[in-house]
Amino acid sequence: MATHKVFRLSLPDDRASKVMAYIVRAIPGRTPQCPVPGAASASFPSPAPVPGHREAEEEEEDNEQEPAEIHLCVLWTSGFLGIAYYDTSDSTIHFMPDAPDHESLKLLQRVLDEINPRSIVTSAKQDENMARFLGKLASQEHKEPKRPEIIFLPSVDFGLEISKQRLLSGNYAFIPDSMTTTEKILFLSSVIPFDCLLTVRALGGLLKFLGRRRIGVELEDYNVSVPILGFKKFVLTHLVSIDQDTYSVLQIFKSESHPSVYKVASGLKEGLSLFGILNRCRCKWGEKLLRLWFTRPTLDLGELNSRLDVIQFFLLPQNLDMAQMLHRLLGHIKNVPLILKRMKLSHTKASDWQVLYKPTFCPFLLQTVYSALGLRDACRSLPQAIQLFQDIAQEFSDDLHHIASLIGKVVDFEGSLAENRFTVLPNIDPDIDEKKRRLMGLPSFLTEVARKELENLDSRIPSCSVIYIPLIGFLLSIPRLPSMVEASDFEIEGLDFMFLSEEKLHYRSARTKELDALLGDLHCDIRDQETLWMYQLQCQVLARAAVLSRVLDLASRLDVLLALASAARDYGYSRPRYSPQLLGVRIQNGRHPLMELCARTFVPNSAECGGDRGRVKVITGPNSSGKSIYLKQVGLITFMALVGSFVPAEEAEIGAVDAIFTRIHSCESISLGLSTFMLDLNQVAKAVNNATKQSLVLIDEFGKGTNTTMETCEDGDDLVFFYQVCEGIAKASHASHTAAQAGLPDQLLTRGKEVSDLIRSGKPIKPVKELLKEKQMENYQTLVDKFLKLDLEDPNLDLDLFMSQEVLPAATAIL
Ligand SMILES: Nc1ncnc2c1ncn2[C@@H]1O[C@H](COP(=O)(O)OP(=O)(O)OP(=O)(O)O)[C@@H](O)[C@H]1O
């Protein structure tokens, strides 16, 4: 909305008191404070609320709400995956260096589950395996919130050389124009792994797609390219596998939709969930990172311990005040990537400069530098250095000071908001200062002109004013008299009629034409010159976009860890330990993190699986005795430890858990249109087919849904459901048939039938001896073979080595 600043000057004599001078949109907000010469009784209307302020607030809200879109490009060749995606929320390209992924493309599925892309771009020349995978993806009707669009580009768009060229010739906001081509290549090779061929080809394909679809710049001029504010690497090694069912039944996330990292801004409310109670992040970017950590639990002990070190540091009583102060500051971080994107597109708004500088970013940074240095001092007493604080101290560098002081020195925040455009402070450009000075003198000057013009007008005309309209110029404004009805009545001798607006007639006079020639371009000149300053400032800020982005990453990490520390303090959590040699978990007096907040008194329980006490635990007990809660709390404590959070337990020792599988009932099954038993089997099939000896499998009342009263008939090998309720007890649950449909292995089905027959006939269930025997015989044979192959004549024979490396593993397998 345009800002109108109106000056109303009252003059002493009768007629002249009705002369008014209006300046429309020409006077910066501060100018009324200047005394107007010759207008002793000058009075100003009480300052109306400056529209810019409210607008700025609204815009800020808009900034936070902008929904993210992800566009992903993928290539899979010979068991390796190359992935790159563009995130519109931060205008950044994320890529994963070439990673092995087997034919089932589990890694790709994981990435898709996590980021929920809007489009998936791949080569038209496709491996059969990948084609099948994408075909399946396209047919997933229940996929929330929307199935991705799958786009095939010609394979030539993914060529290695062409992709490299595309990457090197890209127009990136973070690369200053002053860099030579060689410097640019060197810089980019430090960011992009050019030795990862699939990744480079995926990046090339992604750039092609972005350029072709003009993502985010659809309505811009054709020479405006898609803004790219940075490249970020992500790796999915050491990941702990957790499927969507587990996230749901353990109530890790509880939103209406997909637990995507990129749903932060879509306005979804988090219900009672683990994420909900731990998310005390103060900025959106912290929240987004916490979501990311939740979707990527890890076994990277270095990373986990570095997170726990920071939490532990902030939990020390002497650091409480510092933690709270830092956390408050982080609340001021606004959507910096969006502002940088607008700068790149030259759409910067007046309020953006304030968001970037005044109330938030730079003072926060400066104070944080100070605090970070304080933190570094505080850390000296700790046994090990805390990497995050060192990184903060290093990154919050001269570049940031430079950005802050440039913005602070050049931008006139008050004036910019008042005029809703970029304005510069005095003493930046003498030429602009001079023009503004002349413009400021205009009200009194125009009052004088208006008074003189009125003297020459017909005496029936009671008042007049001289107004200035940018791009039109100076005009004489006269109130419409009751006698002026027809257009011909508007004609006044010596004046050129221009237009009628709000009962005012506007004319050009000889004097206003003179004013046009003398002063007419003043306002436009000021605007043009200030816009030039804005472009220069934008270039300076964009050249340091990479620093801003790194600082934002560190600030988000700090925010997450402060949030986890705050939750740990309030809920009495303790630091977990990791024991890679342990196959299982040991929990001392553990609690369910959500249930303990709802129950009046919660009874803690210990759990131990793996180690000396056996690896399979069976829990029995009467109804409502807490079996499900117990199972879930083991899963949740393990999950929290693998995210790097403190846990609700007196002590927790977490082994090398590589996956968490669950078979626990949830309401979601109804919406999928699967029967309870079918869903049970489906989840168990996932565990049976994927679990390793390191996996944690939680099963609650498996097979509960086999009791059916629904009528069926058998048609050959197929089973037909009538969905008709009937009287009586079902003769069979047809469990094995459903199990086969759900993908359980044949061997397991045969054994299942055998066990249920034994139960029905009341006979004891014995272990599968043949299987045991067969396996044991194989192991004996291996050991014997090793001895037979042993050449005792061999002069290089090392018997110790033979015993430790060959015999011992085979003997252990037998035992
Ligand atoms: N450790 C605990 N301390 C306090 N209250 C608990 C505890 N565990 C469970 N409860 C309470 O008992 C209720 C039932 O727990 P839960 O659903 O785990 O029982 P269950 O044994 O699985 O029941 P069912 O066999 O009927 O499925 C919970 O909703 C909770 O209110």
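In what sense do β13 and β16 pair, and over how many bridges? They pair in the parallel sense, over 2 bridges. The legends below start from this pair. The model shown is predicted.

**View 1. An open sheet of 4 strands with mixed pairing.** The strand order is β13-β16-β14-β15. Strands β13 (577–578) and β15 (605–609) form the edges, and each pairs on one side only. At the parallel pair of β13 and β16, Arg 577 stands opposite Glu 653 of β16. β14 and β16 run antiparallel and share 5 bridges.

**View 2. An open sheet of 3 strands with parallel pairing.** The order here is β8-β17-β18. β8 (241–242) and β18 (696–699) are the edge strands; each has a single partner strand, so one side of each lacks a neighbour in the sheet. Strand β17 (residues 659–663) runs parallel to β8, and 2 bridges join them. Ser 241 stands opposite Ala 659 in β17.

**View 3. Helix α24 lies across strands of both sheets.** The helix spans residues 627–643. On the sheet of 4 strands, α24 lies across β14, β15 and β16 (649–654). Its direction there is at about 110° to β14. On the sheet of 3 strands, α24 lies across β17 and β18. It runs at about 155° to β18.

**View 4. Helices α16 and α21 pack at an angle of about 170°.** Helix α16 covers residues 398–410, and helix α21 covers residues 522–543. Their axes are 10 Å apart. The angle makes α16 roughly antiparallel to α21, because it is over 145 degrees. The crossing of α16 past α21 is left-handed. From α16, the contact uses Ile 403, Leu 406, Ile 407 and Val 410. From α21 come Trp 533, Leu 537, Gln 540 and Val 541. The contact has 7 nonpolar residues, 1 polar residue and no charged residues.

**View 5. Helices α9 and α22 cross at roughly 70°.** Helix α9 spans residues 284–295 and helix α22 spans residues 545–571. Their axes come within 8 Å. α9 is therefore roughly perpendicular to α22, as the angle falls in the range 65 to 115 degrees. The α9 side of the contact consists of Trp 285, Gly 286, Leu 289, Leu 290 and Trp 293. The α22 side consists of Leu 552, Ser 556, Arg 557, Asp 559, Val 560 and Ala 563. By class, this contact holds 7 nonpolar, 2 polar and 2 charged residues.

Notes:
Residues are numbered from 1 along each chain as its sequence is written. This is a predicted model: local features need pLDDT of at least 70, side-chain atom pairs count only at pLDDT 80 or more; totals for chains, interfaces and linings use all residues. Two strands pair if DSSP finds at least two bridges between them. Two residues are in contact if their C-beta atoms, placed from the backbone, lie within 7 Å. Axes are lines fitted to C-alpha atoms, for helices over the stretch in contact, and angles run from 0 to 180 degrees between N-to-C directions. Angles under 35 degrees count as roughly parallel, over 145 as roughly antiparallel, 65 to 115 as roughly perpendicular and the rest as oblique. A crossing is left-handed if the near helix is turned anticlockwise from the far one by less than a right angle, and right-handed if clockwise. Ala, Val, Leu, Ile, Met, Phe, Trp, Tyr, Cys and Pro count as nonpolar, Asp, Glu, Lys and Arg as charged, and the others, Gly among them, as polar.
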